[in-house]
Amino acid sequence: MTVIQRIEHWGDVHHAKWLDVIRIVLGILIFFKGIAIVSNTAVLQDLLLQNNVFGFSGMMASVAIHIVGFVHLVGGILITLGLLTRFAVVIQIPILLCAVFFVNLSRGFSMLNSELWLSIIVLLLLVLFWVIGSGPFSVDHQMKRKPRR
């Protein structure tokens, strides 16, 4: 049994049911953030080009914003349903790392920067659900429980 399998097994065994409510709220939050990203692509593209943190051209910034929006939309739905939760969380973590260290931290590390604090909390919750998995109220759990024919 590898280390990753041991961590997954420990997370499956030690999962409190109330954490499923937090997982569902987290998935909905990420989904709505994806809607906000997709609906404001022009503003986000201008913001990304203005800060020029990554040195993107206009086309590359547009592609990056659309990819992030798509990943948030699909990942939010998967996390909410508890379907492929660990995979959905893993594809969200690099986006949140970039949001914390490159986008939100450039605005200043203060109590007034609520977007930074929200990003940090979401990042920590993503790491938590990467370790403990989806829980008993999820599609993953129902698929494991159902006897195969």
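Q: Before we start, what counts as contact here?
A: Contact means heavy atoms within 4.5 Å. Also, keep in mind that this is a predicted model.

Q: Good. Leaving aside neighbours within four places in sequence, which residues is Ser138 in contact with?
A: Arg23, Leu81 and Gly82, once those sequence neighbours are set aside.

Q: And where does Ser138 sit?
A: In the loop between helix H6 (114-132) and helix H7 (139-145).

Q: Is Ser138 buried or exposed?
A: Buried. Its relative accessible area is 5%, and the cut-off for buried is under 20%.

Q: You mentioned Gly82. What is its phi like?
A: Positive, near 75 degrees. Gly82 follows H4.

Q: On to H4, then. How does its span compare with what it should be?
A: It agrees. Helix H4 covers residues 58-81, which is 24 residues. At 1.5 Å a residue it should span 34 Å, and its end C-alpha atoms are 35 Å apart.

Q: Which H4 residues are buried?
A: Quite a list: Ala61, Ser62, Ala64, Ile65, Gly69, Val71, His72, Gly75, Gly76, Leu78 and Ile79.

Q: Back to Arg23. Which side chain does it meet in a salt bridge?
A: That of Asp20, at 3.8 Å, N to O. Side chains of opposite charge can pair when their charged atoms come close.

Q: How far apart are Asp20 and Arg23 along helix H2?
A: Three residues, so about one helical turn separates them.

Q: Are Asp20 and Arg23 buried or exposed?
A: Both are buried.

Q: How many salt bridges does a search of the whole structure find?
A: One.

Q: Changing topic: how many aromatic pairs does the structure hold?
A: One. The rings belong to Phe31 and Phe32, with centres 5.8 Å apart.

Q: What makes that pair edge-to-face?
A: The angle. The planes of Phe31 and Phe32 are at 65 degrees, so the pair is edge-to-face. The cut-off is over 60.

Q: How accessible is Phe31?
A: Phe31 is partly exposed, with a relative accessible area of 24%.

Q: Where is Ile24 placed?
A: In helix H2, residues 18-39.

Q: And why does Ile24 count as partly exposed?
A: Because its relative accessibility is 30%. Partly exposed lies between the buried cut-off, under 20%, and the exposed one, over 50%.

Methods:
Residues numbered from 1 in each chain as written. Predicted model: local features only at pLDDT ≥ 70, side-chain atom pairs only at ≥ 80, totals over all residues. Heavy atoms only, no water. Helix = DSSP H or I, 4+ residues; strand = E, 2+ residues; numbered from the N terminus. Buried < 20%, exposed > 50% of the residue type's maximum accessible area, 1.4 Å probe, protein only. Expected span 1.5 Å × (residues − 1). Salt bridge = Lys/Arg side-chain N within 4 Å of Asp/Glu carboxyl O. Phe/Tyr/Trp six-rings, centres within 6.5 Å; stacked < 30°, edge-to-face > 60°.
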